[in-house]
Amino acid sequence: MKKNYQILLAKWVITVNPEFEILSDYAVIIEDSRIHSLLPAAEISELDFYHQAEIFDLPDHAIMPGFVNSHTHASMSLFRGLGDDLPLMDWLNHHIWPAESRWVNTEFIRDGFELAAAEMIRSGTTCMNDMYFYPDIVGHRAQEIGLRVVVGLIVLDFPTVWAKDADDYLHKALAVVDEIKSSPLVTAAFAPHAPYSVSDQPLEKIAMYSSELDLPVHMHIHETAFEVSEAEKNTGMRPLQRLDQLNLLNPNLLAVHMTELNEFEIERIAEAGVHVSHCPESNLKLASGLCPVARLQVQGINVCLGTDGAASNNDLDMLSEMRTAALLSKGLSGDARSCNAQQAIQMATINGAKALGLSDEIGSIEVGKQADLIALDLNALNTQPVYDPVTQIVYAANSRQVSHAWIAGSCQLADFQLCNLDEDKIRHKAQAWRNKIKPFDQEPS
Ligand SMILES: [Zn+2]
């Protein structure tokens, strides 16, 4: 079969390989879905397929691996702005959960997912780790769109539109694992919502299935001090201690938030190989607490970045998440060296890939890996002049500078335009949901 070649000529290539090499005036060559080679720009005309390749000339751009958003609830984008300026449990109990039980159906999931997918691709995210209802629909639509997604096999104790009890959630989870086997862009993770919303029995089963199937477990853990103190009151244990007894502390666990951690717990998760998804903007907005990133990194814990859902962030912008993480870590640790620009980029790319078990395929620009790449145009005034493209991206660039995105070699964003999604149609649907969820005539005048 005829191969498809693309040659991306860029001013800088930020590889995020183990040496964190930055190449100047280089070409990334894509063969079908994978990275074929990296060559100095001056040498590309020697390639025997040079004349049949599509060439992207990116003279003011940095190419880097696409962002891996390690924690989100994509379809919740339709609830963006519905309950702002509230603490977590008030927000969940009085706004989000009632809205979910009233509005979430298959159409909501599809429309919300498309809104999130468009925003993410537009801002440089090429892989997301999702946790929400109807993972079957999300997986199917992700494959059609061409976005890489880890679908979350949600588990809760209480009935929702997706399942009626813990057994039903698990039964459906295993069916989804079977369904997505043939989708190259879609993988799955068990997604028990949180220690306070899932009881021991289903968690024991999840630990067993995760080990048998070698699938990640994606869970909100120690999100607030209130969660930890309530657990101590109700179970006599801190949530992490309970999860440890249930055999969940291992390298398959991706623990989201982790704002409340004592020294013993940090040592224990380091020893167990648990990954941490840090969602600084959601934590700040809900005043949930602050994840001690610098202390975790000192212990060698793999920390990656997530936006959380748009209902608590309120955007899905990994560039802004990266900057917030870097600044917050410096402020919290009192050390300006903490979470430097290189570490921030690793957290937003390769570390997320590691946490999701995908680092052999994505997260860095290395020959043989999937071509999940983005280009940022650094010619904008706010990123001039460029002394160092890495610090410029973390501390000065914004997501409107993401000009191109490729996922598995397929161009999804070209010259700032989405290739496979209709922005107007998505906007129109989002507005229709807004009018349905909160009709204008119900608003106070
Ligand atoms: Zn979340």
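1. Two residues are taken to be in contact if their C-beta atoms, placed from the backbone, lie within 7 Å. The model is predicted: local features need pLDDT of at least 70, side-chain atom pairs count only at pLDDT 80 or more, and totals for chains, interfaces and linings use all residues. Residue numbers start from 1 along each chain as its sequence is written.

2. Helices (H or I, at least four residues) and strands (E, at least two) are DSSP runs, numbered from the N terminus. In H11, Met318, Met322, Ala325 and Ala326 meet Ala341, Ala344, Ile345, Met347 and Ala348 of H12. This contact of H11 with H12 has nine nonpolar, no polar and no charged residues. Nonpolar means Ala, Val, Leu, Ile, Met, Phe, Trp, Tyr, Cys and Pro; charged means Asp, Glu, Lys and Arg; the others, Gly among them, are polar.

3. The axes of H11 (residues 318-333) and H12 (residues 341-348) come within 9 Å and cross at roughly 135°. Axes are lines fitted to C-alpha atoms, for helices over the stretch in contact, with angles from 0 to 180 degrees between N-to-C directions. H11 and H12 are therefore oblique to each other; angles under 35 degrees count as roughly parallel, over 145 as roughly antiparallel, 65 to 115 as roughly perpendicular and the rest as oblique.

4. The protein is divided into domain 1 (5-64 + 367-414) and domain 2 (67-355), with bounds from an automatic or database domain assignment. Their C-alpha centres lie 29 Å apart.

5. In domain 1, 19 residues are in contact with 24 residues of domain 2. H14 gives the largest share of that side of domain 1, four residues. By class, the side has 13 nonpolar, five polar and one charged residues.
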